[in-house]
Amino acid sequence: VAGPPAAGAYRERPSKPTSFRKSYERRELPVALLHDTRGQQIAWKVEIDKLDYHHFLPLFFDGLSETTHPYAVLARQGVHDMLEHGGPRILPVIPQLIMPIKNALNTRNRQVICSTLKVLQHLVTSADMVGEALVPYYRQILPIFNIFKNMNRLRKGSSALSRMFCPTGLLSCTSADNCGSDSPPESPSALSSSVNTGDGIDYSQHKRQNIGDLIQETLEMFERYGGEDAFINIKYMVPTYESCMLN
């Protein structure tokens, strides 16, 4: 008798065309993509300080779900630039950012999740009270954290070569990441307790592409900047999380 089919909790969900992409194709965004000796950079057509954050910040966050060029580059760099210069204008826009963040995480795309986690870390430190303003929305944001929290671990006995390369040609894809595959990773009981690369090189640490580590970092920042109610709300959604401040 065949066992039940996989639930597909780790399987990527295709994202729908975003409002960010539609706005870019209509040339309604004040950004352009430049190519220079440092690689791909975005150029703002207006000063960032003069932007309407209630309109443009949620729009750029909506682009975090994108994986195709040039939308992904423009959205991610644009978000970081706006957070860098936003100051007190960021806090009033927080409620409008929750759905784009949730949609990006729910794609379950490893690259999108990593980028969104880095944005969340930048968001909580971008202005005063932002970390506390996110606490009521943990129920929308943290379920994906709980699913992928242990995805920094490797299968026992996997070879160094299989850890370094994957069908998509990307470095640092571990066998637990299942890069290029729809099959879910093994259960936690079948995973080793730490990342042991043998004679291989774990490039994901240097590039900050390790989902499990990024989730742990993000949860700790949520707790530090989220006020006195942050830990109990994180613990409710991610039961395995241990406080970085109480212990």
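Eight of the ten residues of helix H2 (residues 53-62) are buried (under 20% relative accessible area, with exposed over 50% and partly exposed in between; 1.4 Å probe, protein chains only), so H2 is largely enclosed by the rest of the structure. The model is predicted: local features need pLDDT of at least 70, side-chain atom pairs count only at pLDDT 80 or more, and totals for chains, interfaces and linings use all residues. Residues are numbered from 1 along each chain as its sequence is written, and side-chain values use heavy atoms, without hydrogens and water.

The buried residues of H2 are Tyr 53, Phe 56, Leu 57, Pro 58, Leu 59, Phe 60, Phe 61 and Asp 62. Their cover includes helices H1 (19-25), H3, H4 (94-106) and H5, together with strands E1 (31-36) and E2 (39-44). Helices (H or I, at least four residues) and strands (E, at least two) are DSSP runs, numbered from the N terminus. Asp 52 caps the N-terminal end of H2. One of its side-chain oxygens lies 3.2 Å from the backbone nitrogen of His 54.

The protein as a whole has twelve helices and two strands. From the N terminus, the order is α-β-β-α-α-α-α-α-α-α-α-α-α-α. Of the 247 residues, 46% are buried.

In soluble globular proteins, nonpolar side chains tend to be buried together. Here the largest nonpolar core has 59 residues. Such a core is a set of buried Ala, Val, Leu, Ile, Met, Phe, Trp, Tyr and Cys residues joined through side-chain atoms within 4.5 Å. Phe 61, Leu 123, Leu 142 and Phe 145 have the most contacts inside this core. Helix H5 (residues 110-124) gives the most to it, with eight residues. Beyond four places in sequence, Phe 145 touches Leu 105, Leu 117, Leu 120, Ile 215, Thr 218, Leu 219, Phe 222 and Val 238.

Two loop residues are also buried. Glu 66 sits between H2 and H3, with a relative accessible area of 3%. Not counting residues up to four places away, Glu 66 touches Thr 18, Arg 21, Tyr 71, Ala 72, Arg 76 and Val 112. Ile 90 lies in the loop between H3 and H4, at 0% relative accessibility. The C-alpha atoms of Ile 90 and Tyr 53 are 7.2 Å apart, although 37 residues separate them along the chain. With the same exclusion of neighbours within four places, Ile 90 contacts Tyr 53, Leu 57, Met 82, Leu 83, Leu 123, Ser 126 and Val 130.

Helix H3 (residues 71-86) packs against H5 at about 5°, with the axes 10 Å apart. Axes are lines fitted to C-alpha atoms, for helices over the stretch in contact, and angles run from 0 to 180 degrees between N-to-C directions. H3 and H5 are therefore roughly parallel (under 35 degrees). Arg 76, Val 79, His 80, Leu 83 and Glu 84 in H3 meet Gln 111, Val 112, Ser 115, Lys 118, Val 119, His 122 and Leu 123 in H5.

Helices H11 (residues 211-225) and H12 (residues 230-237) pack at about 145°, with their axes 8 Å apart. Leu 219, Phe 222 and Glu 223 in H11 meet Ala 230, Phe 231 and Ile 234 in H12.

Notes
Contact = heavy atoms within 4.5 Å. Parallel < 35°, antiparallel > 145°, perpendicular 65-115°, else oblique. Polar contact = N/O pair within 3.5 Å; in protein donor to acceptor, adjacent residues only side chain to side chain.
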